[in-house]
Amino acid sequence: MHLRAGGVSLVLDVGGPRLPSVLHWGCDLGELPPEQLRELALATVPAVVSGGTDAPGTLSVLAEHGTGWPGLPGLRGHRAGTAWSPLFTMTSARADGEQVRVEAVDEAAGLELTLWIALDVTGLVTMRAAVRNRHPAEPYVLDGLVLNLPVPAEAAELLDLTGRHLRERSPQRQPFTQGSRVRENRRGRTGSDASLLLAAGAPGFGFRSGEVWAVHVGWSGNHVTYAERLPDGRAVIGGGELLLPGEVRLEPGTEYTTPWLYAAYGQGLDTISERFHRHLRARPGHPAAPRPVVMNTWEAVYFDHDLPKLCALADRAAKVGAERFVLDDGWFRHRRDDHAGLGDWYVDEAVWPQGLHPLVDHVRALGMQFGLWVEPEMINPDSDLARAHPEWIMSTGGRMPPEQRYQQVLDLVHPEAYAYVLERLDRLIGEYGIDYLKWDHNRDLVDAGHSPHGEAAVHRQTLAVYRMLDELRRRHPGLEIESCSSGGARVDLGILQRTDRVWGSDCIDALERQSIQRWTQLLLPPELIGSHVGAAHAHTTGRRHDLAFRAGTALFGHFGIEWDLISASAAEQEELARWITLYKDVRGLLHTGRIVRADHPDPALWLHGVVAEDGSEAVFALVAVATSATAPPGRVRLPGLDPDAVYRVRPLPPGDVAAGVNHVPPAWLLGGELVLPGSVLDRVGIQVPDLFPEHLLLLRLTRE
C-alpha cells in the first residue's frame, strides 16, 4: 500500500503473514504502479550475514521479539509468565480513505491486535494500536505497547528536548550511534523535561536544511520515546505510553488502546513544524475566533485579592485593549498562600462576601470576558476536603508521597472524588458564566497509587482527567480551557485535544521566552502558546528588559499581560496599548501563517517570523539574544517567502526602533524600506543593525 500526501510517501508491505513493515517513509516517490511497488519490496530485502537469522528478518511498526528483532519489543506482557513473546499473524489489511486498518492474531498467546496507520493531507503520519485478550479465562498483564517507524542511515544525528521549571524545551543533540536512546517520562504528567519531539536527521540538520524524521507521543501521562540503531544497520524511532507495574491487566474480552503516535518527515525542522501546525489547525475544535488579549492577575497581585484593586486593574487592562480578564490563584476558601485550600472549590466568603459577582459584573461591563484559575487534580493536606476524605489522596498505601508545593494529588479514579470536582467546577462555571478556565497542575505524580491497596494509577488518572475535560466542554460548549502545569509541564497533543492553549512557561522573562517559544513551536502554532508581557523586572530571573523586547516576544504567541498595570507609568501604558493594537492588527496573520526560522550562523542573532500561507505578507523579528562576534553583524536572510513575488520591506512600529551601537544604521533603514524579490531576500538577505543584546527589531513585508 502506497500512501501519498503533502510531499510524503509511506509505503507499507502488507503481503503478510507477518505484521506490516514500512518499506519507505520519507520524500514523495511519485506514482508507482503495482509492479514497481513489488520491485521496491524486493529492493529493500537485506542480505543474510553471519550472526543473524537464516532468513532476512522483518521489522514491523510493532517490533516483535519472535521475528528475531533483538531491540526493544513493541508489545511486552505475559500471562502468568507465558505468552511473553507474541508473534502475530495478519488476518486483514484494508484502506479506508487515508487510513489503513490491520487486524492480526496470535492464537497461541490468545491475543488480537488492531493497528491504525494513516497519512493525512498535511503529510503527518498518525498511528495507534489496540491489543485484546481473547483468552476465555485467564487475564493478560500488559507491561507496554509502543510503535515505531524506520529511519535510514542518513538519519545520523538525534535532537530532543529537555528542561526544568522556568526553562522548558531546551534542545540537545547527539550522534545517532548504535544502541538505544530511550527517554522515559515517569512524572505522571508530560513534564518540564519531556522531549516534545524526538527528531533524527542528517548531521547538522537545521530549521531550513537537512532531511528530518520526528515523532511525538500524544499522551499527558507517563510516556516513552526512543531511537534505536542495531549493528545490522536497521534504525527506528518510536514511542508510546509508559505503563507502571500492574497498571493494565486485561481481563478476558477486554482491550487496551495506545495513545496516538505522530510522525513527521521533512526538509528541515520548519517543515516538521508546518505539518504539525496544519494538522492542528484543521481540527474541528481548533480555536477559530481571534485569540483575545488576556489580562492575568497572577504576577499583578499574587494572593492579594482585593475587590477595589482588582477592579482598578481591570479598568487599566480594558483601557490598554485587553479582551479577557483571568482571576488567578487565591479566590477560594483558605487560600491566602499556597499552603492551604486546594480542593475547597468554594468562593472564599471572607474575601468575597458577595461572591465573585461584583468583579465579574465589573469585568463584563468593561467589555471583557471573565476567566478563572483552578487546579482540580490537586489537594492541600491543609484543606477541608483532605480532612474529610484523606482516602482521596493518591498514595501507594501506608505512607504519604513527598509533598510538592505543599500539595498532594487528588485521586480522580475514585468515582466520588471525580463527581465532587466535576460538580464544583460545573456549578462555578454556570453561576458566573465563566468563559475560560486556566487549568493548572503544579506537581509530579509521585507514589501515585489508588487506595485502598495502592496500585499504580497514573494511567487511569490521566483518562479520568481527559473524561472530566470532555464532560465540562460538553456541558458548556463555549468554554475555553488553558492547560497550565507548573508553567509548561503538560504540553502534548493529548491534552490539546481538550484544551485551547497551553501556558508556555511560568517564566515570562523575554530572553528565556525567546528560546522556550522557539522550541515549543516545533510542535504547536503560536495561537496555542500563551505568552504574556510582564513587569520590567522579571521575578523568575531578576533580569530587566525594555517593554519593546517583552511585548515583541509575547507578540508571537497568544498575547497577554501579567503585570500590575496600576503601578505602570502612563507612558508605559500608552506604549503597551500600541503593542496591543499591533497584535490585533497582525494576529490574523500570526495565527494562520507558516512559522519560519533562519539558520543564521551567528548564535547571538536569531531571526524568526510568520509568512502568510499565500505568501502575500510576513512579519519577522530580528532578535539579539547576546552580543555578536562581529559588528556590524552583516546580512541576514529572510526565509520562506514566495521566490517569484516582489516584497516591500519596512520596519514595523512600535518594534521599529533599532536600539544599538549604530553610528549610522544600514543604508536601507535610512530610506525606510526596501523592494526586492523573495528569492533575493531569501538567498542574499539584507544588512541589519547592530542591536543591543536582549533587543529586537520587527519587519513587515507586503507583496507588491
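Q: What makes tryptophan 331 a residue with contacts beyond its neighbours within four places in sequence?
A: In this predicted model, contact requires heavy atoms within 4.5 Å. With neighbours within four places left aside, tryptophan 331 is in contact with His305, Trp345, Tyr346, Val347, Asp348, Trp352, Leu356, Leu372, Trp373, Val374 and Leu428.

Q: Why is the set that includes Trp331 called a nonpolar core?
A: The term applies because the members are buried residues of types such as Trp, Phe, Ile and Leu, joined through side-chain atoms within 4.5 Å. The largest such core has 186 residues, and Trp25, Phe325, Trp331, Ile561, Leu565 and Leu576 have the most contacts inside it. Helix H7 (residues 415-432) gives the largest share of this core, nine residues. Another core, of 25 residues, lies apart from it and includes Ala598, Leu622, Ile686 and Leu697.

Q: How do you know that the radius of gyration of the protein chain agrees with that of a compact globule?
A: For 704 residues the globule value would be near 27 Å, and the protein chain has 27 Å; therefore the two agree. Along the principal axes, the C-alpha atoms fill a box of roughly 80 × 70 × 40 Å.

Q: What makes a residue of the protein chain count as buried, and what percentage of the 704 residues are buried?
A: A buried residue has under 20% relative accessible area; such residues make up 59% of the 704 in the protein chain.

Notes:
Residues are numbered from 1 along each chain as its sequence is written. Side-chain values use heavy atoms; hydrogens and water are left out. The radius of gyration is taken over C-alpha atoms; the globule rule is 2.2 Å times the number of residues to the power 0.38. Buried means under 20% relative accessible area, exposed over 50%, partly exposed in between (1.4 Å probe, protein chains only). Helices (H or I, at least four residues) and strands (E, at least two) are DSSP runs, numbered from the N terminus.
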